[in-house]
Structure formats: structure tokens, C-alpha cells
Amino acid sequence: MSATAGQAQSERSLAERLGLKAGQVVQEIGFDDDVAEELRSSVEAVTGGDLVDEDYDDVVDIVLLWWRDEDGDLFEALTDAMVALDGGGQIWLLTPKAGRDGHVEPSDIGEAAQTAGLSQTSSISAAGEWSGTRLVAPKVRK
């Protein structure tokens with residue numbers, strides 16, 4: 001396998017660990033110069049489309065929410081992020097890992113998520129400096 005093919009496979013696997021699939025629309029909120037470019041590239045490679053920004057006015061399948069401790073009120077950010085989500089969509093809350101500037105305590109994530117009506121389903125190492133927490137809205141029974 002060439003270095004380029006190996007790198008492409010590595011990039012694809014980052015997004016695949018988030019459960020992303022081809023054709024999904026992914027909205028990115030909280031972009032700044034500290035985000036993990038390798039994760040962003042991986043998402044675009046797997047989904048086959050560009051990330052959409054906060055101004056996107058249609059429904060999305062996934063929200064990537066980059067969040068740092070100093071960014072403000074996490075509850076409000078989660079509530080805002082849910083607006084564009086399609087039924088069954090999910091939020092990947094991306095926060096700096098423990099010991100990094102901007103780290104968010106897991107208890108703060110749990111409290112904000114619960115207050116916003118979200119359930120935390122898994123946590124992963126999303127990229128070198130970032131942890132990912134998968135948040136979903138409870139399924140509505142019909």
C-alpha cells in the first residue's frame with residue numbers, strides 16, 4: 001500500500017469511527033483554527049460532500065460541534081445545534097482532551113446534554129487533541 005493510500009485509509013477511518021456514511025449532510029459548528037483538520041478531511045472523504053456551516057438552512061444528519069470550555073453556555077449551543085437535525089440525527093460534541101486548553105469536564109457535558117434532552121451514547125478519541133461525545137435525542141414513539 002502506498003503512503004498516500006495508507007493516509008487516505010487512516011483519514012477515512014476517523015469519520016467511520018463516528019459512524020458517518022456516504023451521502024450524509026454534516027453541519028460544522030464552532031470551527032476555529034484549533035480544530036482537527038484530519039477529522040474534517042475524513043468527514044468530507046466518507047460523506048462525499050463538503051461540511052456545511054452554521055448558516056445552512058436545511059436539515060442535516062449529523063452536527064459536529066467543536067466546543068471549548070471558554071466558548072460560553074454549552075446547553076444553549078446544544079439546543080441551537082438540534083434545530084437543523086433530521087429526526088434520528090446526532091450531535092458529535094468535540095472537546096479538547098483532558099489536560100489541553102479548553103477541556104470540558106465530562107460532568108459538565110452530561111449535565112448540559114441531559115438538560116437539553118439529549119442522551120450520551122458513546123465517547124471516543126476523535127483526533128489527536130480532541131475527544132468526541134455522541135449525543136442523540138430520544139426516539140419518539142408513534
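Mentor: A helix is here a DSSP run of H or I with at least four residues, and helices are numbered from the N terminus. The model under discussion is a predicted one. In general terms, side chains of opposite charge can pair when their charged atoms come close.

I begin with arginine 40, whose side chain meets that of glutamate 28 in a salt bridge with an N to O distance of 2.7 Å. This pair links distant parts of the chain: glutamate 28 belongs to strand β1 (residues 26-29), arginine 40 belongs to helix α2 (residues 37-47), and the two are twelve residues apart. The cut-off for buried is under 20% relative accessible area. Glutamate 28, at 7% relative accessibility, therefore counts as buried. Arginine 40 has 17% relative accessibility, so this residue counts as buried too.

Arginine 40 also meets the side chain of glutamate 37 in a salt bridge, here at 3.1 Å, N to O. Within helix α2, arginine 40 and glutamate 37 are three residues apart, which means that about one helical turn separates them. Glutamate 37 counts as partly exposed because its relative accessibility is 42%. Taken together, Glu28, Glu37 and Arg40 form a linked network of salt bridges.

Elsewhere, arginine 100 forms a salt bridge with glutamate 129, with 2.7 Å between the closest N and O atoms. Arginine 100 is in the loop between β3 (85-96) and α4 (106-115), while glutamate 129 is in the loop between β4 (119-127) and β5 (130-136), so the pair ties together parts that are 29 residues apart in sequence. Arginine 100 is partly exposed, with a relative accessible area of 32%. Glutamate 129 likewise counts as partly exposed, at 44% relative accessibility.

Threonine 47 counts as buried because its relative accessibility is 7%. Its side chain reaches the backbone oxygen of valine 43 at 2.8 Å. A polar atom of the threonine 47 side chain also lies 3.4 Å from the backbone oxygen of glycine 49. Once neighbours within four places in sequence are set aside, threonine 47 is in contact with Leu20, Lys21, Ala22, Gly23, Gln24 and Val26.

Technical notes:
Residues are numbered from 1 along each chain as its sequence is written. This is a predicted model: local features need pLDDT of at least 70, side-chain atom pairs count only at pLDDT 80 or more; totals for chains, interfaces and linings use all residues. Side-chain values use heavy atoms; hydrogens and water are left out. A salt bridge is a side-chain nitrogen of Lys or Arg within 4 Å of a carboxyl oxygen of Asp or Glu. Buried means under 20% relative accessible area, exposed over 50%, partly exposed in between (1.4 Å probe, protein chains only). A polar contact is a pair of N or O atoms within 3.5 Å; within protein, one must be able to donate a hydrogen and the other to accept it, and residues adjacent in sequence count only if both atoms are side-chain atoms. Contact means heavy atoms within 4.5 Å.
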